[in-house]
Structures are given as C-alpha cells and as structure tokens.
Amino acid sequence: MMEYIYSHLPQVLVTIGIILLAIEVLVLGFSTFVLFFIGIGTIVTGALMAMSIIPDTVPNSLLWSAIISTIVALLSWKPMKQMQNKVGSKTVNNDIIGHRFALTQPLIPGQTITYHYSGINWQVKAKQPLPTGSEVKIIAMEVGLLTVAPVEEV
C-alpha cells in the first residue's frame, strides 16, 4: 500500500486535496476555510509534482503543501471572510406573526417590555403608546424582539 502511495504521490495528493475541498464545502458548508486552504495547497503541490517541477518525495509534498496552503490563505483570507460575512436581511413569516395577547404592563415607544411566549422571554416593542390590558397582535419579529400593534389597527 505505501509503495503504491510513494509511486503515485502526485495523484494521491490531488485526490486528498479534492477530498478535503469536498469536506469543506459539502460537510462544513464553507465555514472554516482551513480544509479549503490545505486542499488547494495539496492539489497544487500534486500538480507541480506531476509536471516534475517539484521532486516527488513525501517530505517535499508536506513542505510544499504547507507553503502553498499558507500563501493561498494569506492571499484569499480577507476576500473570503468578507464573502462569508455577507448576510442578507430577509423577513421571516411564521406562526408567531398574528399571535394576539393582552399587555400586562404599559408599552411606550422606544422602550420594550418582556413577554413570555412558547418558552421564551421576548422583548416587545410598539410604535405607539399602549396601556396595560390592550389586546395586541404581533406584526413583525426579529431575533428576541417582537413588534406589536393594537388589534383594532391591524
């Protein structure tokens, strides 16, 4: 087995690189980039060995894979991090929109109150002052925050 790997080192490196890229994209969802950089470095090293630019020995494969992976990481880290951080904002519609409840305390615009629903303490806000006991309807939600309006307005 090891004899086969040594005699086909460039092909083995390219195969390992492709497997690392597949794991990074398909399993990890392109979230870490580490396997991506190592995969690219391994594929490039295998290709350079196949073209006889780099001698095909195991120490050379480790050294050049590390060097190329580091170069790829340094060159592409910032653009890839920016790509990863692009988050689109989209409105989520779910069963909580339209849920009605009565306020247990007054709600003033610019302030929030806490409402316990479905096992979670939500912060609740409104665009207009609402007295205690007002029946409200959830019209929008964000992470941990519900926006309500009086039922008669909705």
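In these legends, Ala, Val, Leu, Ile, Met, Phe, Trp, Tyr, Cys and Pro count as nonpolar, Asp, Glu, Lys and Arg as charged, and the others, Gly among them, as polar. The model shown is predicted.

**View 1. The largest pocket and its lining.** This pocket has a volume of about 200 Å³. It is lined by 13 residues, and Leu9, Leu13, Ile16, Ser61 and Leu62 are the closest to its centre. Helix 1 (2-7), helix 2 (9-27), helix 3 (34-50) and helix 4 (58-85) each give two or more residues to the lining. By type, the lining residues of the largest pocket are 10 nonpolar and three polar, with no charged residue.

**View 2. Helix 3 and what covers it.** The end C-alpha atoms of helix 3 lie 24 Å apart. That agrees with the span its 17 residues should have, 24 Å at 1.5 Å a residue. Which residues of helix 3 are buried? They are Phe36, Phe37, Gly39, Gly41, Thr42, Thr45, Gly46, Leu48 and Met49. Helix 2 and helix 4 are among the elements that cover these buried residues.

**View 3. Thr147 in strand 5.** Thr147 sits in strand 5, which covers residues 145-150. Is Thr147 buried or exposed? Its relative accessible area is 7%, so Thr147 is buried, as buried means under 20%. Neighbours within four places in sequence are left aside here. Beyond them, Thr147 is in contact with Lys125, Lys137, Ile138, Ile139 and Ala140.

Terms used. Residues are numbered from 1 along each chain as its sequence is written. This is a predicted model: local features need pLDDT of at least 70, side-chain atom pairs count only at pLDDT 80 or more; totals for chains, interfaces and linings use all residues. Side-chain values use heavy atoms; hydrogens and water are left out. On a 1 Å grid over the protein atoms alone, a cavity is a set of points where a 1.4 Å probe fits but cannot get out, and a pocket is an open set with protein on both sides within 12 Å along at least five of seven lines; lining residues have an atom within 4 Å of a point. Grid points are joined across faces, edges and corners, and a volume is the space filled by probe spheres set on the points. Helices (H or I, at least four residues) and strands (E, at least two) are DSSP runs, numbered from the N terminus. The expected span of a helix is 1.5 Å times one less than its number of residues. Buried means under 20% relative accessible area, exposed over 50%, partly exposed in between (1.4 Å probe, protein chains only). Contact means heavy atoms within 4.5 Å.
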